[in-house]
Amino acid sequence: MGHRLLKVNEALREVLSQEIAGLKDPRVGFVTVTGVETSSDLRHAKVFVSVLGGARERERSLAGLRAAHGRLQQSITADVRIKRTPQLQFLYDESIDRGMRIETLLKRYEGELAPDGPVPAEAGDASADADDAAPHDPVADTATEADIDEGPASGTSDPAEAS
């Protein structure tokens, strides 16, 4: 993809983001334009959007965007200097859903591999933050203040220390 086409895609994304935010259609919920892919002849543009909510909200928002495509294309004509105004096609961006699914699977997998067994669901987020801060040291978990103050126990198994 050429540099010019990337600039056109970004300009379209910015204009559409602003215009969609200003739509008065009650069907259009919280919509974010995640990307635009314009054909090389600038006749067609796929507009990828994410919608906050479930499948029902997604379909309602996409229907509202399709109904407003004429107004959105007029905004592009007025704000972006290109030869042709591309025909807009609104598509739901599933990459966010896939990313969340992968994250869920990774957390589940990490829970199965934890040294002490699966992480309880209510403590999952707190323990993940603690694990990111420092590696888990099972020896440090069993040390007491007496062990730290007095040093190691007198019956060591290291032959160098015994003599």
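**Exercise 1. Identify which residues of the largest nonpolar core touch the most other members.**

Solution. The largest nonpolar core holds 26 residues, and L16, I20, V47, L65, L88 and F90 touch the most other members. Such a core is a set of buried Ala, Val, Leu, Ile, Met, Phe, Trp, Tyr and Cys residues joined through side-chain atoms within 4.5 Å. Buried means under 20% relative accessible area, exposed over 50%, and partly exposed in between (1.4 Å probe, protein chains only). At least two residues of this core come from each of helix 1 (3-21), strand 1, strand 2, helix 2, helix 3 (69-79) and strand 3. Helices (H or I, at least four residues) and strands (E, at least two) are DSSP runs, numbered from the N terminus. The most is given by helix 1, with 6 residues.

The model is predicted: local features need pLDDT of at least 70, side-chain atom pairs count only at pLDDT 80 or more, and totals for chains, interfaces and linings use all residues. Residues are numbered from 1 along each chain as its sequence is written, and side-chain values use heavy atoms, with hydrogens and water left out.

**Exercise 2. State which residues L16 contacts, leaving aside its neighbours within four places in sequence.**

Solution. Contact means heavy atoms within 4.5 Å. By this criterion, L16 meets V33, V36, V47, L72, I76 and L88.

**Exercise 3. Describe the buried and exposed residues of helix 1.**

Solution. First, list the buried residues of helix 1: L5, V8, N9, L12, V15, L16, E19 and I20. They lie on the same side of helix 1 because they cover an arc of only 140 degrees around the axis; the arc is that of the directions from the helix axis to the C-beta atoms. Next, consider the face turned away from this buried side, which carries the exposed residues H3, K7, Q18 and A21. Finally, the cover over the buried residues of helix 1 includes strand 1, strand 2, helix 2, helix 3 and strand 3.

**Exercise 4. Determine the strand order of the sheet and where helix 2 packs.**

Solution. The 3 strands form an open sheet in the order 1-2-3, with mixed pairing; two strands pair if DSSP finds at least two bridges between them. The edge strands are strand 1 (31-38) and strand 3 (87-92), each pairing on one side only. Strand 2 (residues 44-51) pairs with strand 3 in the parallel sense over 6 bridges, and F48 has L91 in strand 3 as its bridge partner. Helix 2 (residues 55-67) packs on the sheet and touches strand 1, strand 2 and strand 3.

Note on methods. Axes fitted to C-alpha atoms, helices over the stretch in contact; angles between N-to-C directions.
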